[in-house]
Amino acid sequence: AKSLGYDVVGAHEFYTSARCPRPACPAFLHNQGRRSRCCYNCQMFFDRDAVGAENIARVCEGQLRNQIRPDKYKPVVTQAPAAAPETTPMSEASQSSSGKRRRSKTVDDSTPGRPRKILA
């Protein structure tokens, strides 16, 4: 497609079949059977594949025009409470061949709500 002069945009399908496809409606859709979705806010029924296709088109349009994913299709961020530092018991695998225990190093990604990585 790119060789024919078309713009190519990759879009992750996150939230595209879960949100109402009507532009002014911010609501999530609810399952109604196997392939149907219902928006309680708009009181409309949709086919899940048609919803996904329409919303992916909106995501791609937002990427092309503004170079950013539209807010409607971004994950909902909830403020997680600050977690206490993790402590893990030393396992036999973390002992060196001489029988001495070595300390594990922790890496903090500085991302709130994200678990810390323990490097042995």
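View 1. S2 covers residues 36-39, and four bridges tie it antiparallel to S3. Strands here are DSSP runs of E with at least two residues, helices are runs of H or I with at least four, and both are numbered from the N terminus. The S2 and S3 hairpin has four residues between its strands, and Gln43 takes a positive phi near 60°. This is a predicted model, where local features need pLDDT of at least 70, side-chain atom pairs count only at pLDDT 80 or more, and totals for chains, interfaces and linings use all residues. Residues are numbered from 1 along each chain as its sequence is written, and side-chain values use heavy atoms, with hydrogens and water left out.

**View 2. Gln32 sits in strand S1****.** Its bridge partner in S2 is Ser36. Three bridges hold S1 and S2 together in antiparallel fashion. Their hairpin has three residues between the strands, and Gly33 in the turn shows a positive phi of about 85°. Gln32 is partly exposed at 29% relative accessible area (buried is under 20%, exposed over 50%, partly exposed in between, with a 1.4 Å probe and protein chains only). Setting aside residues up to four places away in sequence, Gln32 touches Arg37, Cys38, Tyr40 and Phe45; contact means heavy atoms within 4.5 Å. Between Gln32 and Phe45, the C-alpha to C-alpha distance is 8.4 Å, with 13 residues separating them in sequence.

**View 3. Three strands make an open antiparallel sheet****.** The order is S1-S2-S3, and two strands count as paired if DSSP finds at least two bridges between them. S1 (30-32) and S3 (44-47) are the edge strands with a single partner each, so one side of each lacks a neighbour in the sheet. On average, neighbouring strands here are turned by 40° against each other, direction ignored. Helix H1, residues 48-66, lies across S2 and S3 and runs at about 85° to S3. For these angles, axes are lines fitted to C-alpha atoms, for helices over the stretch in contact, and values run from 0 to 180 degrees between N-to-C directions.

**View 4. Eight residues form the largest nonpolar core****.** The members are Cys20, Cys25, Ala27, Leu29, Cys39, Cys42, Phe46 and Val51. Such a core is a set of buried Ala, Val, Leu, Ile, Met, Phe, Trp, Tyr and Cys residues joined through side-chain atoms within 4.5 Å. Beyond its neighbours within four places in sequence, Val51 contacts Thr16, Ser17, Arg19, Pro21, Leu29 and Phe46. Across the chain, 18% of the 120 residues are buried.

**View 5. Strand S4, residues 105-107, has the lowest confidence in the chain****.** Residues 91-96 fall below 50, with four contacts in the model beyond near neighbours in sequence. Residues 106-111 are also below 50, with nine such contacts. The chain as a whole averages 75, and 63% of its residues score at least 70.

How values were computed: pLDDT is the predictor's confidence in each residue, from 0 to 100.
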